[in-house]
Amino acid sequence: MASRSLQVSVVAADHEVWSGAALQIIAKTVEGEIGILAGHEPMLAILATGEVRVTTTTGEKVTAKADDGFLSVENDTVTVVAGNATLVK
């Protein structure tokens with residue numbers, strides 16, 4: 001059985017930071033850290049300042065710092081919208 005993946009987009013107010021297929025995403029919300037896998041229930045969460053960590057379908061780890069925004073999950077699509085977001089090297 002093939003594993004499902006997420007389609008993830010991390011965007012700042014004025015540009016796209018990263019997008020692609022992922023196995024999981026972990027983000028810091030105002031209610032605590034949350035992990036998202038394929039099949040997650042639809043949700044909307046307010047981001048807290050912190051890291052958004054993505055594990056791609058190839059196993060690569062992508063980390064972005066995000067401030068002031070929200071995270072949306074629906075139909076295996078995760079959208080992170082932040083006022084300010086940058087990739088962490």
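Guide: Here is a close look at one residue, and then at a strand.

The model is predicted: local features need pLDDT of at least 70, side-chain atom pairs count only at pLDDT 80 or more, and totals for chains, interfaces and linings use all residues. Residues are numbered from 1 along each chain as its sequence is written, and side-chain values use heavy atoms, with hydrogens and water left out.

Start at D76. It sits in the loop between β5 (61–74) and β6 (77–87). Strands here are DSSP runs of E, at least two residues, numbered from the N terminus. D76 has a relative accessible area of 15%, so it is buried (under 20%, with a 1.4 Å probe and protein chains only).

Now follow its side chain. It makes a polar contact with the side chain of R4, at 2.7 Å. Such a contact is a pair of N or O atoms within 3.5 Å; within protein, one must be able to donate a hydrogen and the other to accept it, and residues adjacent in sequence count only if both atoms are side-chain atoms. The D76 side chain also reaches the backbone nitrogen of G39, at 2.6 Å. Beyond four places in sequence, the contacts of D76 (heavy atoms within 4.5 Å) include S5, L6 and H40.

Strands pair if DSSP finds at least two bridges between them. β1 pairs with β2 (residues 16–29) in the antiparallel sense, over 6 bridges. There, V10 stands opposite W18. A hairpin of 4 residues joins β1 to β2. β1 also pairs with β6, in the parallel sense, over 5 bridges. In β6, T79 is the bridge partner of S9.

Methods. Buried < 20%, exposed > 50% of the residue type's maximum accessible area, 1.4 Å probe, protein only.
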